[in-house]
Amino acid sequence: MSTIVVVFGASGDLAKKKIYPTLWDLYKRKSIPGKVLIVGYARSTLDVEKIRQQVDKYVKISSDENDQWNSFWSINTYVYGPYDDETGYVKLKNHLSSLENGTQMNRLFYLALPQTVFMPVTKNIRTHLMDSNGWNRVVIEKPFGHDYDSSEQLSRHLASLFEEDQIYRIDHYLGKEMVQNLITLRFANRIFASSWNRDNISSITITFKEPFGTHGRGGYFDESGIIRDIMQNHLLQVLCLVAMERPISLNAEDIRNEKVKVLRSMRPLELDDVVLGQYIGDDNTPEGSEARFGYRDDPTVPKDSITPTYALAVAKIHNERWDGVPFFLRCGKALNERKAEVRIQFKDISGDIFGGHCKRNELVIRVQPGEAVYLKMMTKTPGQPMDQLEEAELDLSYRARYKDTHLPDAYERLLLDVFYGSQMHFVRTDELAEAWRIFTPLLHRIERERITPLPYVYGSRGPKQSDVVLAAYGFKFYGTYKWVQGNAH
């Protein structure tokens with residue numbers, strides 16, 4: 001059956017940078033099942049040609065794709081109207097009916113919109129736009145609330161309008177190749193299955209680092225902060241996949257059930273469990289460099305802002321597999337590199353016969369940049385005596401191993417899942433509630449007591465206190481090894 005995709009917020013940044021380019025990628029690869037029509041809806045008095053001009057800036061079209069590119073825009077139409085008045089939805093309803101022209105079609109509603117209009121838009125979708133002839137699915141972008149209460153209010157609202165299998169809360173991190181690969185690595189390889197527990201693992205670190213700040217763009221970020229923006233959703237989702245028990249099948253509900261069990265085994269975070277930081281400018285960088293500007297130097301940020309741009313949290317899972325193993329969630333802006341990874345550090349070997357020269361094994365799943373899995377291990381230094389060791393790696397770099405394979409963008413994967421009705425990589429209502437239960441008391445205390453984050457210099461590794469906390473929980477950083485992507489090829 002064919003599908004109509006309605007993009008709410010068609011004039012916004014998310015739509016032109018991500019949603020339309022993703023739909024184009026799926027269209028040109030003929031990945032979408034059946035025929036598809038795309039309808040943009042927003043308050044702006046635009047037309048399809050103007051939207052195309054905006055999207056042009058974010059899509060590279062080769063000369064042999066020109067005809068396909070023109071064909072893609074021929075399936076697009078646009079309707080403008082308000083978000084909080086039903087007159088626009090009546091006009092949109094009539095437009096959709098004219099496109100269907102009596103045929104049965106599915107309807108996919110993508111809300112590329114700010115949270116402030118979620119409720120009126122979804123209410124009007126339910127009242128005016130749902131169609132009984134095919135499936136109806138609603139895709140909602142984060143943030144899914146600001147804290148536990150606001151999230152619960154939004155969830156109750158959605159539950160009053162739609163069935164759970166019609167709601168797709170999209171967290172683009174769940175569409176990344178290496179995040180999706182976690183389930184396969186864990187449960188399809190016996191070598192990992194037997195060692196994935198507190199008897200063998202010392203700690204697990206889940207990291208997201210960006211080498212740029214928010215200069216000129218801090219207004220939105222200041223309302224959320226790094227915990228709401230990255231940790232409470234992206235990093236916590238990765239933690240669930242790393243820590244969950246084997247699901248009984250690859251069915252979406254079986255996987256999401258196991259993720260919820262992990263969250264229910266976690267207590268709310270306390271202030272003592274976290275290190276908060278806010279970057280300051282680096283006076284040693286050239287004039288005009290963004291690195292000279294601290295977070296509060298951003299004209300869109302209040303001069304007395306206490307919003308963290310860096311956070312380290314020590315999470316613990318109180319179950320038989322993970323009792324006593326710290327999970328470090330670490331994220332920040334204006335740091336020394338761009339990196340997202342999962343680092344499993346194993347315990348020291350027993351009965352060391354190498355004079356204390358052994359360093360801990362680490363399994364690293366690199367999410368970005370450059371997808372990879374590598375295992376840090378000890379080996380004898382070539383040509384040297386048996387007790388002369390060095391760190392090496394077993395390396396699976398996707399760029400080398402799968403150089404001729406198309407690795408879809410995260411949005412491409414997830415939107416295709418929506419077309420096929422797979423909710424495996426989307427956030428369920430109870431999962432969302434548990435995530436907010438863990439973080440809300442901490443967030444409220446930070447805001448209520450105006451906890452001042454520690455300063456760290458733009459381009460550094462973050463506040464030095466983070467290293468103190470990591471060491472206190474037994475994490476060992478040697479500083480003697482540097483992974484080289486594709487080193488083994």
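P143 sits in the loop that runs from β5 (136-141) to α6 (148-161). From K142 to P143 it is cis, with omega near 10°. Keep in mind that this is a predicted model.

There is another cis bond to show you. It joins Q368 to P369, and omega is near -10°. P369 is also a loop residue, placed between β12 (362-368) and β13 (372-380). Most peptide bonds are trans, and most residues other than glycine have a negative phi.

N101 is not a glycine, yet its phi is positive, near 50°. Find N101 in the loop between α4 (86-100) and β4. Its relative accessibility is 63%, so N101 counts as exposed. R450 also has a positive phi, near 50°, and R450 is no glycine either. This one is in the loop between α13 (429-448) and β15 (454-457). At 45% relative accessibility, R450 is partly exposed.

Strand β4 covers residues 105-111 and contains F109. Is F109 buried or exposed? Buried, because its relative accessibility is 0%. What does F109 touch, beyond residues up to four places away in sequence? V6, F8, I125, L129, M130, N136, R137, V138 and V139. Take V6 from that list. F109 and V6 are 103 residues apart along the chain, but their C-alpha atoms are separated by 4.9 Å.

Now a lysine. K333 lies in the loop between β10 (326-332) and β11 (339-346). With a relative accessible area of 10%, K333 is buried, since the cut-off is under 20%. Which side chain makes a polar contact with the side chain of K333? That of E210, at 2.6 Å. Set aside neighbours within four places in sequence, and K333 has contacts with E210, F212, T214, F221, I226, D229, Y279, T309 and Y456.

On to helix packing. Two packed helices are described by the angle between their axes and the distance between the axes. Start with α1 (residues 13-28) and α2 (residues 48-56). Their axes come within 9 Å and cross at roughly 100°. So α1 is roughly perpendicular to α2. From α1 the contact uses K16, Y20 and P21; from α2, I51, Q54 and V55. By class, that is four nonpolar, one polar and one charged residues.

The other pair is α9 (residues 218-243) with α10 (residues 252-264). Here the axes are 9 Å apart, at an angle of about 105°. These helices, too, are therefore roughly perpendicular to each other. On the α9 side we have L236, Q237, L239, C240, L241 and A243, and they meet K259, V262 and L263 of α10. The class count for α9 with α10 is seven nonpolar, one polar and one charged residues.

C240 takes me to the last topic, cysteines. C240 is buried, at 0% relative accessibility. C331 is buried as well, with a relative accessible area of 0%.

That's my list. Over to you.

Notes: Residues numbered from 1 in each chain as written. Predicted model: local features only at pLDDT ≥ 70, side-chain atom pairs only at ≥ 80, totals over all residues. Heavy atoms only, no water. Helix = DSSP H or I, 4+ residues; strand = E, 2+ residues; numbered from the N terminus. Buried < 20%, exposed > 50% of the residue type's maximum accessible area, 1.4 Å probe, protein only. Polar contact = N/O pair within 3.5 Å; in protein donor to acceptor, adjacent residues only side chain to side chain. Contact = heavy atoms within 4.5 Å. Axes fitted to C-alpha atoms, helices over the stretch in contact; angles between N-to-C directions. Parallel < 35°, antiparallel > 145°, perpendicular 65-115°, else oblique. Nonpolar A, V, L, I, M, F, W, Y, C, P; charged D, E, K, R; others polar.
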